Amino acid sequence: MRNIIIIGSGPAGWTAALYAARADLAPLLFEGLEPGGQLTTTTDVENFPGFPKGVLGPELMELFAAQAKRFGTDVIREDVKRLTVNKDGTFTVTAAGNDEQAKTVILSMGATARRLGLESEKAFYGKGVSACATCDGFFFKGKDVIVVGGGDSAMEEANFLTRFAASVTIVHRRDAFRASKIMQERTMKNPKIKVIWNSEVAEIMGVLAGKVTGVKLHSTVDGSIADMPIDGVFAAIGHEPNSGLVKGLLDLDEKGYVKVTPGTSKTKVPGLFACGDLQDPHYRQAVTAAGTGCMAALDAEKYLASRE
Ligand code: NAP
């Protein structure tokens, strides 16, 4: 029986593991088949404190992992399939046929990029349509691409893509971005970036063998439709919390974020804690995720002490 099992390997999960390991609680962390969380699909992180020159997202996650492992965190690279609350209040975590038991569980499954929801998006996914400029930008050297969205992610993706693409056009459904001022300014100053306001992608067109050739843009002002030739479509329209594992077990808000007691990581199930983007519809920053990971480890430690 483990003291603590942590599910998820973003900044929240690794920070929870670091604190639990340093408290001598020998945590086990399930890092999933795609470890590292959202920072592994980003490039320069300039706003994580302690890195005055910035740090690459994947590198930052390797540092998080190394620090947690140094103090004895055990790691399993599997996706967790099921979480069961046992009759005695302990937990069974099932992954790829293996059952692990624990007195407490910390949930840190994070969030995943949202899709546009078009059939044509599905058909061309990975063949000209992407939700990750860091992963796929390289394939668009000298090409023309669009980025859909008006938040910080869209600004970041658009700027990053100018390293490769001949042109980047941001398509946004309103007439103002919701991105932070500094990101907006950087974007508007970039000569390779244009913006099409008040428009949504209604259809992605291409040849079925797997090549995008254009999009149909729908005006959110007058409903008109315009064709735009393009080689690539990057969606940067926000994220969905990965709370499927605890649906029915925990209270979720209307967007699927796990509800915790405000100011803590406590869920409605004693011994079950949630941290990071899984429970945070507001801030969703690496540093806030890490902070709540710390809170979850301290809450779990206190819970374990109270049961001794
Ligand atoms: P976000 O702030 O929720 O922005 C999503 C954008 O996509 C919004 O502009 C939204 O339009 C648009 N959108 C949503 N659904 C759409 C749809 N179906 N079709 C077309 N457009 C759609 O998400 P985010 O940009 O991923 O940022 C999430 C959080 O991470 C934020 O707190 C952000 O500050 C943070 N972040 C920070 C950095 C950084 O500081 N380096 C980088 C990335 C993200 P509306 O504006 O009309 O709602």
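Me: How much space lies in the second largest pocket?
Reply: This is a predicted model, where local features need pLDDT of at least 70 and side-chain atom pairs count only at pLDDT 80 or more, while totals for chains, interfaces and linings use all residues. Side-chain values use heavy atoms, with hydrogens and water left out, and residues are numbered from 1 along each chain as its sequence is written. A pocket is an open set of points on a 1 Å grid over the protein atoms alone, with protein on both sides within 12 Å along at least five of seven lines; its volume is the space filled by probe spheres set on the points, which are joined across faces, edges and corners. For the second largest pocket, that comes to about 190 Å³.

Me: Which strands each supply at least two residues of its lining?
Reply: Lining residues have an atom within 4 Å of a point, and here they include Gly-126, Lys-127, Val-129, Ser-130, Lys-211, Val-212 and Asp-231. By class there are four nonpolar, three polar and five charged residues, with Asp, Glu, Lys and Arg counted as charged, Ala, Val, Leu, Ile, Met, Phe, Trp, Tyr, Cys and Pro as nonpolar, and the others, Gly among them, as polar. Strands are DSSP runs of E with at least two residues, helices are runs of H or I with at least four, and both are numbered from the N terminus. The two suppliers are strand 10 (129-130) and strand 15 (211-219).

Me: Which helix gives the largest share of the lining of the largest cavity?
Reply: A cavity is a set of points where a 1.4 Å probe fits but cannot get out, and the largest one has a volume of about 30 Å³. Thr-41, Thr-42, Thr-43, Ala-133, Thr-134, Glu-156, Glu-157 and Phe-160 line it. Helix 4 (133-136) and helix 5 (152-161) each supply at least two of the lining residues. The largest share, three residues, comes from helix 5.

Me: Which domains each give at least three residues to that lining?
Reply: The bounds come from an automatic or database domain assignment. Between the two domains, six residues of domain 1 are in contact (heavy atoms within 4.5 Å) with eight residues of domain 2, while their centres, taken over C-alpha atoms, are 32 Å apart. The cavity lining draws on domain 1 (2-112 + 239-306) and domain 2 (115-235).

Me: Is Glu-31 buried or exposed?
Reply: Glu-31 is in the loop between strand 2 (28-30) and strand 3 (44-45), and its contacts beyond four places in sequence include Ser-9, Trp-14 and Val-75. Buried means under 20% relative accessible area, exposed over 50% and partly exposed in between, with a 1.4 Å probe and protein chains only. Because its relative accessible area is 11%, Glu-31 is buried.

Me: What about Glu-34, buried or exposed?
Reply: Glu-34 also lies in the loop between strand 2 and strand 3. Its C-alpha is 8.5 Å from that of Asp-79, 45 residues apart in sequence. Because Glu-34 has 74% relative accessibility, it counts as exposed.
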